[in-house]
Amino acid sequence: MKPFNFCPACAARLEDGEQGSKSCPSCGRSWYRNSAPAVGAGIVNDGKALITRRGVEPEKGRFDIPGGFLSGGEDPIEGLKRELREELGLEIEVAVDDCVSIVAHTYGPEGEFVLALGFLASWVGGEPRAADDVAGFTWVDLDELDRLDFAWEHDRQVVRKALMRAKEERDAGS
Ligand SMILES: [Zn+2]
């Protein structure tokens, strides 16, 4: 969230408050710059992970993982399922225990605070097709992972964890 200069409730000019907050001298409210939560999925099929090419700024044209920002009050698991449906037309299975990455970072030219949650998810329905803010998608293996131009390093690590877990499961099953 960007810093506020004026009170979103009453439009008075804000003053600096405690712990990085702004406070309103007119209506008395405090406004905090909390991180916006974002969710992403590492999905593996046949030994390859699904990654997406960003169709919008910031970092347009670079790779990330499917997912996006949660809506206000939205359950993270439901939000991740919604994003996969919107961006790729995929149905996934995912649970809270599948969360493998929690990273605070800044996003975009104004340095908005984001808390990125990465999950390992399973593809259970639909055929992928790029839509919404996704320009395209591709399937990658461990060998090519380090050569790819990811917008955010933590997304590369979620993909790595997804590929490593799939490899362990294959090795255990063979
Ligand atoms: Zn106010």
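**Figure 1. The bridge between Val44 and Ala49 in the predicted model.** In this predicted model, Val44 has Ala49 of strand E5 as its bridge partner. The two strands concerned are E4, which covers residues 36–45, and E5, which covers residues 48–54. E4 and E5 run antiparallel to each other and are paired over two bridges. Two residues separate the strands in this hairpin, and Asp46 adopts a positive phi near 55° there.

**Figure 2. Strand E5 and its pairing with E11.** E5 also pairs with strand E11, formed by residues 134–140. The sense is antiparallel, and six bridges are found between E5 and E11.

**Figure 3. Strand E5 and its pairing with E6.** Strand E6 consists of residues 63–64 and pairs with E5 in the antiparallel sense. Two bridges connect E5 and E6. Arg53 has Phe63, in E6, as its bridge partner.

**Figure 4. The largest nonpolar core.** This core contains 28 residues. Ala41, Ile43, Ala49, Phe119 and Ala162 have the most contacts inside the core. At least two core residues come from each of the following elements: E4, E5, helix H1 (76–88), strand E10 (112–125) and helix H3 (153–173).

**Figure 5. The surroundings of Ala162.** Which residues does Ala162 touch, not counting residues up to four places away in sequence? They are Gly42, Ile43, Val44, Ala49 and Leu120.

**Figure 6. The setting of the close-up views in the whole protein.** The protein has three helices and eleven strands. Read from the N terminus, the order of elements is β-β-β-β-β-β-β-α-β-β-β-β-α-α. The domain assignment divides the protein into domain 1, residues 1–34, and domain 2, residues 36–173. A distance of 34 Å separates the C-alpha centres of domain 1 and domain 2. The C-alpha trace extends over about 65 × 30 × 25 Å along its principal axes. Of the 174 residues, 27% count as buried. Among contacts between residues at least 6 apart in sequence, 60% link residues at least 24 apart.

How values were computed
Residues numbered from 1 in each chain as written. Predicted model: local features only at pLDDT ≥ 70, side-chain atom pairs only at ≥ 80, totals over all residues. Pairing = 2+ DSSP bridges. Helix = DSSP H or I, 4+ residues; strand = E, 2+ residues; numbered from the N terminus. Core = buried A, V, L, I, M, F, W, Y, C linked by C-beta atoms within 7 Å. Buried ≥ 20, exposed ≤ 12 C-beta atoms within 10 Å, placed from the backbone. Contact = placed C-beta atoms within 7 Å. Domains from an automatic or database assignment.
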